[in-house]
Each structure stands twice: as structure tokens, then as C-alpha cells.
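Let us read a protein model together.

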Amino acid sequence: MKILTVNENEAGQRLDKLLAKYLDKAPKSFLYKMLRKKNITLNQKKAAGSEKLRVGDEIRLFLSEETMENFSSPRKEASLSGSIPKPEIIYEDSHVLLLNKPAGLLSQKARPEDISLVEQLTSYLLESGQLRPEDLKSFRPGVCSRLDRNTSGLVAAGKTLAGLQALNHLIRTRSLGKYYRTVALGTIKESRRVEGWLRKNEKTNQVSVYPTEQKDSLYICTEYIPLQSLVLKGLPCTFLEIRLVTGRSHQIRAHLASLGHPLLGDPKYGNPKFNQYAAKDLGLHFQLLHAFRLEFPQLSGTLKELSGRKFTAPLPSVFDKILN
């Protein structure tokens with residue numbers, strides 16, 4: 001017999017949903033049969049599977065070890081190579097982590113063998129004792145404000161289910177202020193709020209921006225403020241702060257490029273001469289884009305510790321080379 005005690009990351013879901021995570025290879029018919037025969041009980045009583053779970057509920061599985069092993073996929077945590085860049089922790093509480101992601105690290109894995117920020121996060125929580133290996137059967141920590149692989153800076157991550165849900169709500173309602181810094185081609189003298197429509201080509205992983213709505217396009221809105229005018233190798237350019245109002249794939253990179261202001265080093269949407277300078281003089285072979293600041297609104301409940309606060313991630317050293 002195995003006893004499962006429902007924790008905060010498991011509460012609020014149906015019993016049958018949780019059982020399907022623990023015994024992920026078992027057919028639903030098997031789970032319901034075990035419930036009918038009282039081989040699986042909830043708080044020592046017969047259950048239907050539709051019950052909503054609460055913290056402290058006790059699930060008893062009167063099943064053999066062999067049966068549970070056959071119906072459970074083995075969980076293998078990826079070994080983290082020392083060559084993989086690790087994020088810096090900017091802030092941490094019982095529900096949330098704010099991390100400074102280095103350029104070159106994926107936010108989420110694209111292939112099974114990838115090591116991403118999520119794996120780094122999971123490894124940290126396991127090593128610090130905040131998560132047990134058996135917890136990963138029913139809950140996985142995750143990142144909520146994803147960045148492109150070669151975009152650096154602040155990422156918000158949920159350590160608990162409540163933290164993930166609260167952060168995702170902030171992002172979905174556009175309540176979380178997300179500010180970036182970059183160097184863009186051209187002289188920009190005034191702050192602007194620009195709108196458009198973005199359509200992604202899934203085959204090429206590239207997006208196009210249009211002034212009016214197109215088939216399968218998504219509305220985008222970007223704000224920018226010029227911080228400093230520069231001249232690099234005879235090319236006029238501007239150090240910018242950007243507020244991401246909507247958060248679409250490649251939005252900042254493609255939106256600025258569509259206005260004639262591609263980002264320094266951007267291989268997809270950039271200017272060849274601008275990028276040649278980035279590669280030759282700075283050793284920069286990807287877009288110079290850094291998620292610099294997160295601003296939280298007034299909050300209560302799960303995210304009350306973040307209420308009204310602002311967090312920044314230090315600019316990568318390449319910015320110093322350019323600005324000085």
C-alpha cells in the first residue's frame with residue numbers, strides 16, 4: 001500500500017487528474033475500476049474520482065509495487081553540465097523566483113536533450129530541499145515570462161502552483177510591467193507607442209509585422225524611450241528602453257525592425273553592416289536585448305511580497321563597451 005498526502009501544489013484538482021499523473025501509464029478504465037473496488041480510497045472512503053482535493057487529503061493505493069512501477073513512467077532528471085550558463089537569483093520568496101537569465105540559455109527546452117532554465121530551476125529547488133523528487137510526479141515548477149534563447153535578463157518563475165497561477169494571471173492581464181534595453185539602428189529622438197499586427201511563419205520561426213490586421217495575425221503594442229544617442233562605426237544608433245505592452249514571439253525585434261530600427265546583432269531582422277560591427281568589434285553574434293526591469297502592481301494574496309515593487313537585472317558587460 002502507498003499513501004499520498006495532498007500538498008498545496010496538488011490541491012484544487014480532481015482526484016482522477018492527480019491519479020493520472022502518478023500512474024501516468026495506466027488507462028483511465030483501470031483507475032476507475034480501482035476506485036470502484038476501493039483499491040484506491042480518499043480519506044479512507046470510497047471515491048468516484050471527481051472529488052476536488054484539499055491540502056491534507058489522504059489517498060491510499062492498495063496496489064502492489066509491481067503494478068505501480070508498471071503504470072508509472074520513470075522520472076529522470078537531466079544532469080546539468082558545468083558548461084551551461086546558470087541564472088542569477090534576483091529575488092526569492094516561498095512562491096516566486098526572479099532570475100537573471102544569461103544569453104544562450106533556453107527558457108524552456110525545445111528538444112528532449114536540451115537543458116533549459118526550467119531544468120536549472122528544478123535542480124536548484126531539489127538541491128535546496130524545497131522540492132522532493134516524488135513531488136515532480138504531480139507538479140513541475142515553471143517560467144512565466146519566457147525570453148528568446150539569446151535574450152538575457154529577468155524571468156519570473158513559479159516555485160509553487162499558486163505562484164505559477166498568480167504570475168500567469170498578471171501576464172495574461174498585462175498587469176506586469178516588462179521593460180527591456182537594447183541598442184537600435186538610427187537616431188530616435190522621441191518616445192513613441194507603436195501598434196501593429198504580427199504573423200508568425202512556424203516553418204521558418206520568423207515573424208512579419210503589418211500596419212493593419214492580416215489573416216492569422218495578432219495585435220501587438222510596443223513603447224520605447226530613447227536614453228542616449230550614439231554613433232558606432234559611422235552608423236547613428238540609439239540606446240533604448242522598451243516597454244513590452246503585448247508579449248508576442250520576437251515582438252520587439254521584428255517591430256523595431258519594421259520601423260527601420262533593427263537591433264544590434266540581430267541575425268533574423270537586423271542590418272548586415274550593423275551586425276558586422278557587432279560581430280567584429282564586440283564578438284556579438286545575436287541580438288543585443290536585455291529584459292532589464294519588472295514592475296509589479298499593487299497585489300495581495302500569493303504575490304503580496306511583490307506588491308508595488310520594481311526589480312532590475314544588471315546590464316551585460318557588452319553594453320558598457322558600447323555606451324562608454
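What follows is a dialogue on a predicted model.

Student: How many residues of strand S14 are buried?

Tutor: Strand S14 spans residues 289-295. It is mostly covered. Of its seven residues, the buried ones number seven.

Student: In which sense do S8 and S14 pair?

Tutor: Strand S8 covers residues 152-158. Two bridges link S8 to S14. One of the residues involved is Gly 153, whose bridge partner in S14 is Ala 291. The sense of the S8 and S14 pairing is parallel.

Student: How many bridges join S9 to S14?

Tutor: Strand S9 holds residues 177-185. S9 and S14 run antiparallel. Within S14, Arg 293 stands opposite Tyr 179. The number of bridges joining S9 to S14 is six.

Student: Which residue in S15 is the bridge partner of Leu 294?

Tutor: Strand S15 covers residues 310-312. Three bridges join S14 to S15, and the two strands run antiparallel. The partner of Leu 294 in S15 is Phe 311.

Student: What is the angle between the planes of Tyr 91 and Phe 311?

Tutor: The structure holds five aromatic pairs. Tyr 91 and Phe 311 form a tilted one, 5.0 Å centre to centre. The pair links distant parts of the chain, with Tyr 91 in strand S5 and Phe 311 in strand S15, 220 residues apart. The angle between their planes is 50°.

Student: Is Phe 311 buried or exposed?

Tutor: Its relative accessibility is 8%. Buried means under 20%. So Phe 311 counts as buried.

Student: Why is the pair of Phe 239 and Phe 319 called tilted?

Tutor: The ring centres lie 6.0 Å apart. Stacked needs planes under 30 degrees apart, and edge-to-face needs over 60, so the rest are tilted. For Phe 239 and Phe 319 the planes stand at 55°, so the pair is tilted.

Student: Where in the chain do Phe 239 and Phe 319 lie?

Tutor: They are 80 residues apart and link distant parts of the chain. Phe 239 is buried at 6% relative accessible area, and Phe 319 is buried at 1%. Phe 239 lies in strand S13, and Phe 319 in helix H8.

Student: Which strands stand at the edges of the open sheet of four strands?

Tutor: The order of the sheet is S1-S4-S2-S3, with antiparallel pairing. An edge strand here has a single partner strand, so one side is left without a neighbour in the sheet. The strands at the edges are S1 and S3.

Student: Which helix packs on the sheet, touching S1, S2 and S4?

Tutor: Its direction makes about 50° with that of S4. The helix spans residues 15-22. It is H1.

Student: Within what arc do the buried residues of H1 fall?

Tutor: These buried residues are Leu 15, Asp 16, Leu 18, Leu 19 and Tyr 22. They pack against S1, helix H2, S2 and S4. Seen down the axis of H1, they line one face of the helix, because they fall within an arc of 160°.

Student: Asn 43 is not a glycine, so what is its phi?

Tutor: Asn 43 lies in the loop between S2 and S3. At 35% relative accessibility, Asn 43 counts as partly exposed. Its phi is positive, about 55°.

Student: Is His 250 buried or exposed?

Tutor: His 250 sits in the loop between S13 and helix H6. Its phi is positive too, about 60°, although His 250 is not a glycine. With a relative accessible area of 7%, His 250 is buried.

Terms used
Residues are numbered from 1 along each chain as its sequence is written. This is a predicted model: local features need pLDDT of at least 70, side-chain atom pairs count only at pLDDT 80 or more; totals for chains, interfaces and linings use all residues. Side-chain values use heavy atoms; hydrogens and water are left out. Buried means under 20% relative accessible area, exposed over 50%, partly exposed in between (1.4 Å probe, protein chains only). Two strands pair if DSSP finds at least two bridges between them. Rings of Phe, Tyr and Trp (its six-membered ring) pair if their centres lie within 6.5 Å; planes under 30 degrees apart count as stacked, over 60 as edge-to-face and the rest as tilted. Contact means heavy atoms within 4.5 Å. Axes are lines fitted to C-alpha atoms, for helices over the stretch in contact, and angles run from 0 to 180 degrees between N-to-C directions. The arc is that of the directions from the helix axis to the C-beta atoms.
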